[in-house]
Amino acid sequence: MKVRVVLFCFLFILAGCGAVNEVTNEDVKDYKVKQTFDETVEDTFVFQLVSAKEEYEAGEKIELYGEITYTGKGEIKITHASSAILFEIKEQVRDYVVPFAVQEIGIETELAGGEAYREKYLKQGVFSFELEDEQHVEFIEDFKDRCDFPPGYYTVKATTSFHDGKILRELETAVDFKVWAENEER
């Protein structure tokens with residue numbers, strides 16, 4: 001009898017661990033998407049962040065990108081980190097941040113007046129070391145292994161920090177979107 005109780009408790013704990021990172025459409029439905037486009041303007045620079053949609057289905061590729069546009073005349077070189085645009089992603093239902101790493105600094109990019117420089121969000125540089133919460137690590141590993149995003153409500157803050165030859169500029173934008181679980185009612 002004791003063996004059965006111990007086995008039952010063990011199975012209950014295992015089942016509970018697997019469900020911690022599961023987000024259902026019921027969990028997501030009460031979140032309200034505020035904006036899928038944001039723009040910040042500073043002098044002759046426009047910084048934009050765009051999510052193509054407010055809502056995505058699990059399995060669907062997320063279309064997320066940032067753009068820097070120089071509105072001056074001619075061309076200008078900017079110096080920045082490994083990416084001119086950094087994306088900080090947070091899944092709000094679970095309260096998990098998707099960490100990223102800056103791999104290089106001192107990269108130069110040339111911006112032509114009036115033409116947008118675009119960077120799409122790519123899941124490169126996502127890491128899970130130094131995270132102490134085991135469920136957060138499991139979420140990050142799942143996030144990295146997928147082509148899409150796990151179901152949830154996401155907020156994204158994009159930053160660009162670059163030197164334009166005269167001053168250091170730091171601009172921010174933010175968007176949000178939902179990812180619905182497959183085969184569930186909304």
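Is Glu 108 buried or exposed? In the predicted model, Glu 108 has a relative accessibility of 52% and therefore counts as exposed, the cut-off for that class being over 50%. Its salt-bridge partner is Lys 77, with a nitrogen-to-oxygen separation of 3.9 Å between the two side chains. The pair links distant parts of the chain, with Lys 77 in strand 5 (residues 75-81) and Glu 108 in strand 8 (residues 105-112), 31 residues apart. Lys 77, at 46% relative accessibility, falls in the partly exposed class, because that class lies between the limits of 20% and 50%.

The secondary structure of the chain consists of three helices and eleven strands. Along the sequence, the elements follow the order α-α-β-β-β-β-β-β-β-β-β-α-β-β. The chain has 186 residues, of which 39% are buried. Of the contacts between residues at least 6 apart in sequence, 70% join residues at least 24 apart. The chain exposes about 11200 Å², and 51% of this area is supplied by carbon and sulfur atoms.

An open sheet is formed by four strands in the order 1-2-4-9, with antiparallel pairing. The antiparallel pairing of strand 1 with strand 2 (residues 45-51) extends over six bridges. Within this part of the sheet, Phe 37 lies opposite Val 50 of strand 2.

Side chains of opposite charge can pair when their charged atoms come close. In total, the structure holds 13 salt bridges, among them the pair Lys 77 and Glu 108 described above. Another salt bridge joins Glu 91 to Arg 94, with 3.2 Å between the closest N and O atoms. Both Glu 91 and Arg 94 are buried.

Asp 164 and Arg 169 likewise form a salt bridge through their side chains, with an N to O distance of 2.7 Å. Asp 164 and Arg 169 are both buried. This pair belongs to a network of salt bridges that also includes Glu 42 and Asp 43.

Conventions. Residues are numbered from 1 along each chain as its sequence is written. This is a predicted model: local features need pLDDT of at least 70, side-chain atom pairs count only at pLDDT 80 or more; totals for chains, interfaces and linings use all residues. Side-chain values use heavy atoms; hydrogens and water are left out. Helices (H or I, at least four residues) and strands (E, at least two) are DSSP runs, numbered from the N terminus. Buried means under 20% relative accessible area, exposed over 50%, partly exposed in between (1.4 Å probe, protein chains only). Contact means heavy atoms within 4.5 Å. Accessible areas come from the Shrake-Rupley method with a 1.4 Å probe; for residues, only the protein chains shown count as cover. A salt bridge is a side-chain nitrogen of Lys or Arg within 4 Å of a carboxyl oxygen of Asp or Glu. Two strands pair if DSSP finds at least two bridges between them.
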